[in-house]
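Please look through the structure below with its confidence in mind.

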Amino acid sequence: MGRYILRRLFLVVPTIVGVTVLVFLMIRLMPGDLVQQISGEGAILTEEERHEVREELGLNRPVFQQYFVWMGKVLRGDLGTSFQTKVPVTTELKNRLPVTMELGLLALLISLCVALPIGVVAAIRQDTMLDYVARSGAIAFLSIPSFWMGTLVMVLPSKWWGWAPPLTYKDFWVDPRDNLYMLILPAAIMGMLLSGTVMRMTRAQMLEVLRQDYVRTAWSKGLRERTVVMRHAIKNAFIPVVTIVGLQIPILVGGTVILESIFGIPGIGRYLLFSIGSLDYPVVQAEILIIALAVVVTNLAVDMTYAYLDPRIRYG
Amino acid sequence: MSGESNYWDRFLIRRVSRRRALQAAGLGSAGLAAAAALSCGGDGEDDGAVGQPTAATGGELTPTPGGTYVGTMADLYNMDPHKPIAFLTHVFASWIYSRLMRYASTYGELPQERWYDVVPELAQEVENPDPQTYIFKLNPEAKWHNVDPTFGRQVTAEDVVFSYNRYQELSPQAVDMAMVDSVTAGPDDLTVTFKLKHPFPLFLRRIACFQDLWILPPELIDADGDAEKRAVGSGPFLFDHYDRSVDFEFRKNPDYFEKDQWGNRLPYLDVLRLVVIPDPNTVMSQFIAKKIYGMGVQPRLLSEVMSAVPDVIVNRVLRNLTSFIYFQDSSYVKDEGPFNDVRVRRAVSMAIDRDGLLTLVRAPMDQEGGEWPNIVPGGLGRPWWLDPKSSEMGDAAQWYKYDVAEAKALMEAAGHGDGFDMRLHFSSTVYTNIIPYYQVVAEALPNLMREIGINVTLVPEDYVGQYFPVTYAKGEFDGMAWGLLSVFTDGLGYLSNSFLPFGQGGGRNMSKVRDEQLIADLQQATREPDIEALRSKLFDIQRYISDQMYYVPGINPMEYTVSHPFGSPPMNNTGPTTYGLGTETSMWGWLNPEHQNP
């Protein structure tokens with residue numbers, strides 16, 4: 001197992017390098033004039049002055065050199081300094097990353113709490129009203145875009161009841177009630193949207209497993225439904241489901257960019273959007289790096305989970 | 001229709017007559033709500049911040065100090081007010097920094113004839129011993145904020161000289177003060193003298209202008225190199241924090257030197273919190289839920305807001321803001337077609353159905369309002385604006401008429417009878433929330449242009465990354481662009497910035513128009529000592545530019561702002577202070593305890 005993890009970690013390196021190279025190049029291809037923006041929009045700069053500003057920002061070097069300088073710093077734990085705010089990126093991320101992580105975890109939790117039981121029950125009660133409702137719900141959740149749902153949730157309660165979510169984010173450890181009050185709606189929206197896929201996958205896998213010989217044997221032994229389902233079926237049915245959950249992480253990140261903007265949540269999604277618009281290279285690079293790491297590590301964790309769920313799976 | 005009018009009247013607390021609106025250049029802060037919608041009261045987290053009414057005079061409550069205002073603001077990209085031309089930076093500066101003079105504002109209704117009055121701010125008095133000398137005596141009570149690095153030190157004449165020199169060195173606006181020959185401190189610490197190269201009757205307006213001479217403390221620049229990392233000034237509010245994409249917070253400057261008519265120190269508010277919310281639907285929802293107390297509102301959403309908030313206060317505002325089409329600079333720099341041909345430019349102008357657009361961006365229940373700008377907007381008022389519909393415009397008035405047939409004939413005559421394809425650049429961010437009509441018109445323009453054979457492809461650009469620094473500030477784009485001209489407080493400001501050579505006073509001459517006759521006329525106007533003669537010269541120039549259509553004016557519509565009654569009425573009664581929101585307006589803001597935030 002240890003060797004497997006090491007091998008996987010080793011394979012992470014080219015993935016991350018690939019992502020960072022792509023982002024590094026693509027952000028530099030974006031239209032706009034960073035030097036002008038930093039110098040003051042109306043500033044009339046001579047070529048010499050422009051050169052000086054670029055020199056100061058390290059943008060005069062060839063791109064590959066800029067990349068290696070940046071990577072070198074990243075390996076030493078320095079994610080750079082924001083061009084716009086002049087604040088170290090790590091400081092900004094320290095404040096914003098936990099917010100997005102909390103939102104993402106809450107959303108994931110909600111999606112699993114909704115999708116797994118409904119998926120399992122829908123499979124057990126196949127072709128009943130419950131199953132039809134669950135399947136229709138799953139399709140509906142899959143079809144509704146998060147920005148539309150977010151806008152509705154923001155607009156309609158204010159119109160009907162004069163209610164809107166809180167304006168101000170409070171840290172969970174400072175004020176857990178207000179913290180959850182602010183995050184629960186966007187988390188629920190994201191969770192519901194994610195739950196569609198998970199619900200369908202759970203149902204499909206459960207149906208397949210329930211038709212396996214060993215499950216039929218369990219039934220024929222006269223075991224209770226609960227025992228058959230919980231002890232014999234679910235664990236095996238969940239292996240592909242876990243993969244799907246792992247693959248939801250990038251979708252989750254995409255969702256936070258939209259929903260953080262709609263609900264005014266100060267997470268990295270909103271900050272990323274702002275930083276892309278303002279051509280803040282160090283921030284965009286650092287954020288994408290972290291997101292890429294999160295996806296890779298989550299997938300690794302998913303693979304590790306297989307071994308727990310199916311003892312036949314051995315890594316080596 | 002009468003039913004609709006009654007409905008409207010119930011909500012429109014202060015209907016602005018056309019004449020009054022024209023002279024007022026917008027109803028001040030209500031219009032500013034669009035730029036930074038200020039509103040008062042807690043958001044649930046500051047409940048009970050409102051005190052008790054202190055007195056009643058003539059049935060009107062006197063302002064109650066204290067409390068927290070919550071409004072909205074857009075993200076900033078520069079905090080140093082000497083560096084950019086971005087209007088948001090100047091709005092931000094007005095909470096923190098001071099000018100020598102400012103525009104009039106007061107508690108209560110400000111008589112319309114005073115809306116363009118220049119009144120003292122840092123300067124306690126001004127002497128004008130001869131037309132070329134202005135001696136400012138600084139207010140001895142004026143102190144820098146009592147924080148690092150100024151620690152409450154008195155504002156001195158040397159600070160003004162320092163700020164002027166820095167402004168001249170850095171500001172893209174510095175040409176607005178090109179008439180200044182020298183600025184000297186002395187003979188005492190509180191006297192500063194401006195010597196002009198020639199008499200300039202608009203000098204005090206320029207001194208008060210919120211795009212120009214903000215007074216900054218030298219020690220801040222010495223310590224930080226610039227004013228980008230923190231903001232320390234002598235204005236009515238102390239800068240607490242700016243959390244990018246989250247919020248701004250300002251606290252009352254307890255040592256601020258301005259007082260109200262009862263002798264109370266301004267500002268009234270303890271805290272001013274401005275949240276950054278990019279989504280207009282979210283802003284509206286938070287307003288309806290009474291968590292945000294004032295906002296600029298899209299006309300299409302106005303009925304929605306009015307039905308959801310029965311006691312809402314609605315203000316109609318005619319701002320001194322010009323919208324216009326500008327052309328690729330090669331049209332004038334390299335004489336490249338098609339826009340180097342005046343007939344094509346006139347055709348573009350005649351293809352714009354300005355009345356139709358005004359109706360499009362007007363609230364459904366509103367039947368009038370809005371004007372046609374030339375480059376000077378109607379919102380600046382009759383003294384400076386020549387109405388394209390008036391007979392005073394002369395022959396050039398014909399180029400403003402919506403006449404597709406005539407426009408097509410002009411295109412034909414210019415050799416473009418078959419039309420052409422063209423890109424139209426516009427900002428797809430920031431303005432969307434702040435000036436809601438901008439995007440509506442941007443989306444309508446392709447249809448209007450198609451009528452005369454110009455097939456327009458819209459090119460949405462991010463305001464921060466591309467539109468402002470490149471398309472607008474440098475004029476580097478192809479085809480056409482749809483823009484909003486910065487706000488100035490005199491007609492000469494609009495015309496000089498638009499038509500003097502780029503970099504030599506033409507800070508907004510993004511198409512790089514270079515018309516020697518026009519330049520000479522503007523330079524002559526700049527040296528005109530008599531204000532009436534100056535006005536007459538500027539009217540001649542407006543006729544000329546309308547004939548040439550170097551820039552094609554769009555519309556100057558009514559804009560709508562709404563506020564809750566918890567917001568103090570004086571918030572809506574200041575003068576032409578679109579960028580001076582912090583000083584001219586916010587320092588008078590207070591929470592009305594008669595209308596508690598539930």
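Two strands are said to pair if DSSP finds at least two bridges between them. In this predicted model, strand 16 of chain B, residues 420-427, meets that condition with strand 17 of chain B, residues 454-461: the two run parallel and are joined by eight bridges. Within this pairing, F420(B) stands opposite I454(B) of strand 17.

Strand 16 of chain B also pairs with strand 18 of chain B, residues 480-484; these two run parallel as well, with two bridges between them. Here L424(B) has M480(B) in strand 18 as its bridge partner.

The next topic is the contact between the chains. Chain A contributes 35 residues to the contact and chain B contributes 42 residues. On the chain B side, helix 8 (280-288) and helix 16 (463-472) each supply at least two residues. Which helix of chain B gives the most to the side that touches chain A? Helix 16 does, with six residues. Sorted by class, the chain B side of the contact holds 18 nonpolar residues, 12 polar residues and 12 charged residues.

As for confidence, the predictor assigns the complex an ipTM of 0.81 and a pTM of 0.82. The average pLDDT of chain B is 84, and 86% of its residues score at least 70. Residues 1-59 of chain B have a pLDDT below 50, although the model gives this stretch 165 contacts beyond near neighbours in sequence. The pLDDT is also below 50 over residues 569-575 of chain B, a stretch with 34 contacts in the model beyond near neighbours in sequence.

Technical notes:
Residues numbered from 1 in each chain as written. Chains lettered and ligands numbered in written order. Predicted model: local features only at pLDDT ≥ 70, side-chain atom pairs only at ≥ 80, totals over all residues. pLDDT = per-residue confidence, 0-100. Contact = placed C-beta atoms within 7 Å. Helix = DSSP H or I, 4+ residues; strand = E, 2+ residues; numbered from the N terminus. Nonpolar A, V, L, I, M, F, W, Y, C, P; charged D, E, K, R; others polar.
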